[in-house]
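Please look over the structure below. The report that follows takes its features in turn.

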Amino acid sequence: MKKEVFIFIKKVLLLILPFLIILGFIELQLRKIPNSYAKKRQFFENSLGRINVLVLGSSQSLYDINPDYFNYIGFNLSDVNQSLYYDAEITLKFIDRMPSLKCVVLSVSYFSLWYQISDDEE
């Protein structure tokens, strides 16, 4: 009886294995598709040494603050549903690599005070 169960499990695994390999390959290929987060990160990391004003916050600052109108070189790193936790983590991670940074603009709204990214599907 144990031998029959072992053979059955082996056959099921051999049947499932090609599907798992195909799904793994598809997942790896999908990770290579550039998205808005990856493009913004690449542009940000390439501009670290020149940034004077860094804008952080959620969608309010993403859509309402345009660094092109600053007198200094600015970068808007705000994003939709970005919580204050991630704003702080981003700032702490990159602040040592931004020698020209003069000002950080942090948009705080009522929404920002209670929102956590774990509350959302993103």
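## Salt bridge

A salt bridge here is a side-chain nitrogen of Lys or Arg within 4 Å of a carboxyl oxygen of Asp or Glu. The model is predicted. By this rule the count comes to one salt bridge.

Which side chains form the salt bridge? They are those of Arg-41 and Glu-45, at 2.9 Å from N to O. Both residues belong to helix α2, which covers residues 36–47. They sit four residues apart there, so about one helical turn separates them. Arg-41 has 47% relative accessibility and counts as partly exposed. Glu-45 also counts as partly exposed, at 28%. Partly exposed covers the range between the buried limit, under 20%, and the exposed limit, over 50%.

## Overall layout

The protein chain has five helices and three strands. Along the sequence they follow the pattern α-α-β-α-β-α-β-α. The radius of gyration is 23 Å, well over the 14 Å that the globule rule gives for 122 residues. The protein chain is therefore more spread out than a compact globule.

The box filled by the C-alpha atoms points to the dimensions: roughly 75 × 30 × 25 Å along the principal axes. Of the 122 residues, 25% count as buried. Take the contacts in the protein chain with a separation of 6 or more: residues 24 or more positions apart account for 62% of them.

## The sheet

Strands of a sheet pair through backbone hydrogen bonds, either parallel or antiparallel. In this model, three strands make an open sheet in the order β2-β1-β3, with parallel pairing. β2 (74–76) and β3 (103–106) stand at the edges. Each has a single partner strand, so one side of each is left without a neighbour in the sheet. From one strand to the next, the twist averages 15 degrees.

Strand β1 spans residues 53–56 and runs parallel to β2. Three bridges join the two strands. Where does Val-53 find its bridge partner in β2? The partner is Gly-74.

## The nonpolar core

In soluble globular proteins, nonpolar side chains tend to be buried together. The largest nonpolar core in this model has ten residues. Its members are Phe-44, Leu-48, Ile-51, Leu-54, Leu-56, Phe-75, Leu-77, Phe-94, Met-98 and Leu-101.

Which residues does Met-98 touch, leaving out those up to four places away in sequence? It touches Phe-44, Leu-48 and Leu-54. Those three residues are also listed in the core.

How values were computed: Residues numbered from 1 in each chain as written. Predicted model: local features only at pLDDT ≥ 70, side-chain atom pairs only at ≥ 80, totals over all residues. Heavy atoms only, no water. Pairing = 2+ DSSP bridges. Axes fitted to C-alpha atoms, helices over the stretch in contact; angles between N-to-C directions. Buried < 20%, exposed > 50% of the residue type's maximum accessible area, 1.4 Å probe, protein only. Core = buried A, V, L, I, M, F, W, Y, C linked by side-chain atoms within 4.5 Å. Contact = heavy atoms within 4.5 Å. Rg over C-alpha atoms; globule rule 2.2 N^0.38 Å.
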